[in-house]
Amino acid sequence: CALGSRASRGAVAAMFDTILSYVLYPVSFLTVPNSQYFLPTYIASAFFGVLLLMLIKRRMFGLPQIKRILWPSRLMQHASTRLDVKLFFLGAYYLLLQAVMVGGMTFLSVDATVAALNSLTGFRPSPIGPSWAVTGITMLLVFLAVEFGYWFAHFMMHRIPALWEFHKVHHSAEVLTPITEWRQHPVELALFPILMGLVSSLVQGPMVWYFGATAQVVDPVHANLISMAFWYTTVHLRHTELPIYVSGWMAKLIQTPAHHQVHHSIDPRHYDKNMGYCLSLFDWLFGTLYIPSKDEKLSYGLGHQDTALETAVGSLVAPFGRAFAILAKPLRRRPETKPLPAAE
């Protein structure tokens, strides 16, 4: 009986630990070093943004001004921000469920690409020894591949009507804060990493196949060092209203906060513009670049009221019905019929 009682208590404790870890997952999600959502990346980005503003304004800021920059009450108290917070928790829980499907996809796809090349060519290159040049080139190519995968997924979200219904959730934000990044529908949260992983594997796979382990993108936390540099500087500033911009050739290369503010603008001139993540390179190459001008006044959101997207439940459910209606519309179209011949 004593052994049975201990086993029962152990099972209850294990179940409690599982439930607790699930409940606390959105917080623990911020403690993963190889993620752009690692809490220190937010802190570093905040101070980087303040530093950039001081350089742009050419003056030092006092603590009260820094506080207003990092915690603007107008934005933090806005109803749009409160919905961002709700969708942050829903999105984090969804990513926990999605981990089995998407987690490790790039690594597995790289292995699959290597196996496919071995099978198709019948040639197994002899791996070379450690090479900083090969590792560095691979890291750069994989970074560019991830950027293109992001741009392409984003482009499809805007140009394919059924997918736009899901992406509209993100664009319904009326103010921009770093947590607006989490204002995404689960369909979008799945599509982006899948495409980014598949595209990057098409680059990293052949490099690993030919050069061996020296072409792996290796670093202390198993993330691309170039991507990490953006995580700790500009990535979290994209969804802010800070007036940080660049001009000239840099505007065609770097995605600044001002670039992404234009992307969220309700001005028709800005529709479907600036779809890059860290870079503006692919926007420039494919004609979706809009270089923001100094002190350009912008308003954010959809440009019209959409009550379904003003609640967390509506933001999750409504896009499915709307996307289905778009996809089913051609099926509901009646076939053309020839008129009956006139009676003689």
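Which helix gives the most to the nonpolar patch? I started my notes there. The answer is helix α3, residues 39–57, with 3 residues. One caveat before going on: this is a predicted model.

**Entry 1, the patch.** I looked up who makes this nonpolar surface patch and found Leu39, Ile43, Phe47, Leu70 and Trp71. Together they cover about 520 Å². I then picked out Phe47, which lies in helix α3. Is Phe47 buried or exposed? Phe47 counts as exposed because its relative accessible area is 53%, and the cut-off for exposed is over 50%.

I stepped back to the whole chain. Of the 344 residues, 43% count as buried.

Next I went to the second largest pocket, with a volume of about 920 Å³. How many residues line it? The lining has 34 residues, and those nearest the centre are Ile69, Leu70, Pro72, Met76 and Pro178. I noted that Leu70 also belongs to the nonpolar patch.

Then I checked which helices the lining comes from. At least two residues each are supplied by α3, α4 (63–70), α5 (73–76) and α6 (79–102). Helix α3 turns up again here: it has the largest share of this lining, 8 residues. By class I get 23 nonpolar, 6 polar and 5 charged residues around the second largest pocket.

Rolling a probe the size of a water molecule over the atoms shows where empty space is left. The count is 1 cavity of 30 Å³ or more, and the volume of the largest cavity is about 40 Å³. What lines it? I wrote down Gln36, Tyr37, Pro178, Glu181, Val235, His236 and His239. That lining splits into 3 nonpolar, 3 polar and 1 charged by class. Pro178 was already in my notes, as one of the residues nearest the centre of the second largest pocket.

Last, I looked at helix α9, residues 161–171, which is mostly covered. How many of its 11 residues are buried? The tally is 9. Among them I jotted down Ala162, Leu163, Phe166 and Val169. The buried set also includes Glu165 and Lys168, along with His167, His170 and His171.

Conventions: Residues numbered from 1 in each chain as written. Predicted model: local features only at pLDDT ≥ 70, side-chain atom pairs only at ≥ 80, totals over all residues. Heavy atoms only, no water. Patch = residues over 30% accessible without salt bridge, like charges linked within 9 Å, V, L, I, M, F, W, Y side chains within 5 Å. Areas by Shrake-Rupley, 256 points an atom, 1.4 Å probe, with all protein chains shown as cover. Salt bridge = Lys/Arg side-chain N within 4 Å of Asp/Glu carboxyl O. Helix = DSSP H or I, 4+ residues; strand = E, 2+ residues; numbered from the N terminus. Buried < 20%, exposed > 50% of the residue type's maximum accessible area, 1.4 Å probe, protein only. 1 Å grid on protein atoms, 1.4 Å probe; cavity = no way out; pocket = protein on both sides within 12 Å on 5 of 7 lines; lining within 4 Å. Points joined across faces, edges and corners; volume = space filled by probe spheres on them. Nonpolar A, V, L, I, M, F, W, Y, C, P; charged D, E, K, R; others polar.
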